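Please read the following note alongside the sequence and the 3D view. Each numbered point takes up one topic.

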Amino acid sequence: MISDGVEDEDKWLASGIAGLQQNAFYMHRALDSNNLRDALKYSAQMLSELRTSRLSPHKYYELYMRAFDELRKLEMFFKEETRRGCSIIDLYELVQHAGNILPRLYLLCTVGSVYIKSKEAPAKDVLKDLVEMCRGIQHPIRGLFLRSYLSQVSRDKLPDIGSEYEGDADTVMDAVEFVLQNFTEMNKLWVRMHHQGPAREKERREKERSELRDLVGKNLHVLSQIEGVDLDMYRETVLPRVLEQVVNCKDELAQYYLMDCIIQVFPDEYHLQTLEILLAACPQLQPFVDIKTVLSRLMERLSNYAASSTEVSNGMLYSWLQSSNRGTDDDFMLQVLPEFLQVEAFAKLNNYIGKVIEAQVDMPIAGAVTLYSSLLTFTLNVHPDRLDYVDQILGACVKKLSGKGKLDDSRATKQIVSLLSAPLEKYNDIETALKLSNYPRVMEHLDNGTNKVMAGVIIQSIMKNRTSISTSDKVEALFELITGLIKDSDENLHDEIDEEDFHEEQNSVSRLIQMLYNDDPEEMLKNSDIAAEPFVSCFNDADHTLSAACQIICTVRKHILTGGPKRLPFTVPPLIFNALKLVRRLQSQEENTAGEEVATTPKKIFQILNQTIEALSTVPAPELALRLYLECAEAANDCDLEPVAYEFFTQAYILYEEEVSDSRAQVTAIHLIIGTLQRMHVFGVENRDTLTHKATGYSAKLLKKPDQCRAVYACAHLFWVDDSDSIKDGERDCYDLFVRFTVARSSIVPSEKIRCLVGFSLIWDCYDLFVRFTVARVLLCLKRALRIANAAQQMANATRGSSGSVSLFIEILNKYLYFFEKGNSEISVSTIEGLIELITTDLQSDNTTSDPAADAFFASTLRYIQFQKQKGGAMGEKYEPLKVRLAG
């Protein structure tokens with residue numbers, strides 16, 4: 001049925017065009033022969049094709065445009081006739097003899113255009129006559145196109161300021177009255193279409209009406225182009241008349257479109273000065289009018305006007321300041337245009353938006369939030385310094401959302417995200433948003449997923465603007481806002497989590513924690529909530545009432561510890577490293593303020609860190625906790641806090657023994673322990689000896705022989721102290737060493753080497769004893785590594801029938817060379833040569849598995865020895881006795 005209707009309409013259109021073109025042909029022939037009567041006859045017949053009621057607006061418009069083109073040619077003919085002496089008045093009366101009213105009125109408008117241009121009669125009289133005569137057509141489509149034609153031919157002939165048609169008898173008011181009257185009649189015809197025809201065709205009629213809306217709106221555009229319509233006339237005449245028609249028509253489509261037209265076509269400054277009049281009409285519109293879009297566009301235009309005007313004003317002001325050799329101090333910058341303050345734009349908009357929301361009880365939440373979002377954007381552009389206005393808007397939004405709980409409407413939540421993002425984008429500073437008391441209350445109405453999205457937006461804003469959150473109160477407020485990323489709500493504890501999204505969220509939180517910084521260490525650690533009982537014995541003497549320096553770290557700690565086992569591995573490390581940065585700052589301050597009482601000390605921070613890392617045991621994440629304990633131990637070493645460093649190592653060892661069970665994790669952990677312990681200088685002899693022996697014992701108990709071997713020869717570094725590395729408190733340490741070896745190990749050290757002297761003699765003898773002992777222990781570790789490597793080779797031969805790779809022996813050879821260069825007297829040339837011979841023999845053995853990497857490694861080692869021999873100097877002399885034959 002629909003396809004048949006479309007085909008019929010195409011046939012009717014084709015028939016109309018054919019009739020129009022045929023009569024246009026005869027009209028052109030009459031025009032060419034200057035036959036006025038035939039020209040009028042055929043033009044009337046041509047225009048009769050527009051009397052059809054069978055075409056849709058779209059098809060009718062196509063037919064109308066063809067007739068319009070022909071009428072323009074006819075108008076030019078009428079002008080030529082008047083030049084040849086034909087009376088325009090007679091012509092004006094002659095066209096009225098056309099038989100049908102529609103062709104008669106089209107011809108009358110065409111001649112009327114020439115009549116006005118001739119100035120033989122006042123323009124207002126001709127215009128009034130034409131607009132009144134057009135009332136003869138009451139068919140909506142035909143009447144709208146007729147009046148559109150009248151508007152088109154008369155728009156350049158209106159009596160306007162500076163126009164040739166302005167005179168004593170013709171004023172701007174006459175032009176305004178003509179356009180307003182034509183607009184009113186066109187709107188009535190347009191609205192009438194809604195009520196004509198059966199109800200089942202309502203949707204089709206509304207579609208047709210939508211296609212015709214521009215015909216009505218053009219009148220408002222013509223009004224806006226009249227130069228004589230100043231602010232006073234607009235306020236007193238134009239706007240009230242237009243709004244009266246808009247309100248009285250009681251048609252949803254017409255009201256929405258015309259209100260939008262008013263906003264779009266008239267100047268922004270007019271809207272600002274007549275804001276109350278325009279807003280007063282909004283509550284009177286039909287309930288289902290999309291008033292939120294209308295008001296949003298109004299506020300958008302005013303916002304853009306304020307932004308552009310302020311930019312221009314600031315540019316002019318800047319030029320004046322530059323020319324007058326003044327600075328660009330903020331006191332001179334124009335923030336708000338005076339007219340916005342004079343008309344109280346914010347108060348009026350806020351008041352009427354509240355009335356509209358209250359009047360339209362069925363307005364969805366998304367619509368209300370959209371209005372508040374537009375008002376907020378307006379406020380941020382016009383009154384950026386008025387945070388109370390911003391908070392007031394958020395408060396109104398909270399009031400609207402009260403009792404709604406968490407929203408499940410995706411459109412509403414999207415608008416809330418837009419609302420909450422606006423202050424962040426405007427101020428580029430989360431600290432400003434944190435001052436808004438209603439900001440978190442709005443976020444409470446977001447569902448869990450959208451809450452996380454908004455938290456991500458907040459963090460991205462902080463990252464983008466590199467905002468430093470510098471006080472604990474702001475940190476507390478910030479973490480309340482992003483709580484969706486910090487911990488799970490009760491509703492989604494059992495929800496499936498996308499691992500990739502989860503990792504991205506937690507990484508963003510980790511980056512945020514690194515941004516929490518204050519130049520004053522006292523603020524970083526203020527008002528700690530540390531428990532009364534310390535976790536470890538070394539902190540028993542710490543002051544648990546921490547000073548103002550612990551607040552930021554303790555506030556973050558309080559929040560992240562509620563995040564659950566999945567989040568702690570992401571959030572604890574950045575907190576630890578942030579606190580360690582503070583420790584180093586405090587250490588440098590203590591050096592500069594020696595003798596002064598310092599409220600916050602590194603020892604107090606280490607107490608917090610110890611408890612924080614221990615929380616990872618609930619995850620469990622023993623490998624991560626072990627790494628963090630070692631990091632803290634190294635920081636305590638830099639602060640010369642031996643008991644604290646020892647306690648951190650103790651905790652790391654406990655984790656290694658009780659929690660780290662995977663063989664690969666054990667290998668990684670033992671190398672971390674050895675590497676960290678090697679860098680420690682704070683330990684006295686007894687503590688270092690205990691930790692070193694523990695590490696050596698762990699190394700020998702690794703599952704795989706190659707891992708044992710590598711860990712044991714790494715332990716050799718724990719017993720070696722370079723000459724350049726001074727022993728801390730040398731006299732005390734040497735004395736402790738002296739006592740230790742004379743009392744506990746007298747059987748090892750020859751008695752004749754121990755001389756109980758005083759002063760420097762005792763110190764140097766004890767140091768000599770210390771060096772001798774470390775040299776022996778280094779060699780002992782290397783020999784044990786050789787035995788383990790040999791055992792590994794034998795096991796490979798027993799299980800696979802080949803002795804396996806000799807890479808372990810080559811690695812040990814390189815360790816021998818390292819300590820040989822460092823001056824270990826127990827490592828002789830013959831020992832190195834013997835090891836080289838052993839490796840060479842194994843490589844040439846048929847039972848050895850071919851390993852190109854090991855061959856290359858060994859060849860590189862031999863080249864290194866040869867290079868050192870050729871180097872000369874002290875090192876060359878040391879290597880000179882070595883007999884090495886490079887592989888050919």
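1. A residue counts as buried under 20% relative accessible area, as exposed over 50%, and as partly exposed in between, with a 1.4 Å probe and protein chains only. By this rule Lys-250 is exposed, because its relative accessible area is 56%. Of the 888 residues of the protein chain, 50% count as buried.

2. Residues are numbered from 1 along each chain as its sequence is written, and side-chain values use heavy atoms, with hydrogens and water left out.

3. Confidence comes next. The mean pLDDT (the predictor's confidence in each residue, from 0 to 100) is 83 for the protein chain, and 83% of the residues reach 70 or more. Over residues 324-336 the pLDDT stays under 50, and the model gives this stretch 24 contacts (heavy atoms within 4.5 Å) beyond four places in sequence. Residues 527-549 also have a pLDDT below 50, with 67 contacts in the model beyond near neighbours in sequence. Where pLDDT is low, the predicted coordinates should not be read in detail.

4. The protein chain contains 40 helices and two strands. These are DSSP runs numbered from the N terminus: helices are H or I with at least four residues, and strands are E with at least two. Among contacts between residues at least 6 apart in sequence, 74% join residues at least 24 apart.

5. How do helix H3 and helix H5 cross? The axes of H3 (residues 57-83) and H5 (residues 101-118) come within 10 Å and cross at roughly 45°. Axes are lines fitted to C-alpha atoms, for helices over the stretch in contact, and angles run from 0 to 180 degrees between N-to-C directions. Angles under 35 degrees count as roughly parallel, over 145 as roughly antiparallel, 65 to 115 as roughly perpendicular and the rest as oblique; H3 and H5 are therefore oblique to each other. Residues of H3 including Tyr-60, Leu-71 and Phe-78 meet residues of H5 including Leu-102, Tyr-106 and Val-114. By class, the contact of H3 with H5 has ten nonpolar, three polar and three charged residues. Here Ala, Val, Leu, Ile, Met, Phe, Trp, Tyr, Cys and Pro count as nonpolar, Asp, Glu, Lys and Arg as charged, and the others, Gly among them, as polar.

6. Helix H6 (residues 123-133) packs on helix H8 (residues 172-195) at an angle of about 5°, with the axes 10 Å apart. That makes H6 roughly parallel to H8. Lys-124, Leu-127, Val-131 and Glu-132 of H6 make the contact with Asp-174, Phe-178, Gln-181 and Asn-182 of H8.

7. Not counting residues up to four places away in sequence, Val-343 touches Leu-272, Gln-273 and Lys-348. Val-343 and Thr-274 are 69 residues apart in sequence and 8.8 Å apart in space, C-alpha to C-alpha.

8. Most residues other than glycine have a negative phi. Lys-250, in the loop between helix H10 (231-249) and helix H11 (252-265), has a positive phi of about 50° although it is not a glycine. Asp-640 lies in the loop between helix H30 (622-638) and helix H31 (642-658), and its phi is near 60°. Asp-640 is partly exposed, with a relative accessible area of 39%.

Notes. This is a predicted model: local features need pLDDT of at least 70, side-chain atom pairs count only at pLDDT 80 or more; totals for chains, interfaces and linings use all residues.
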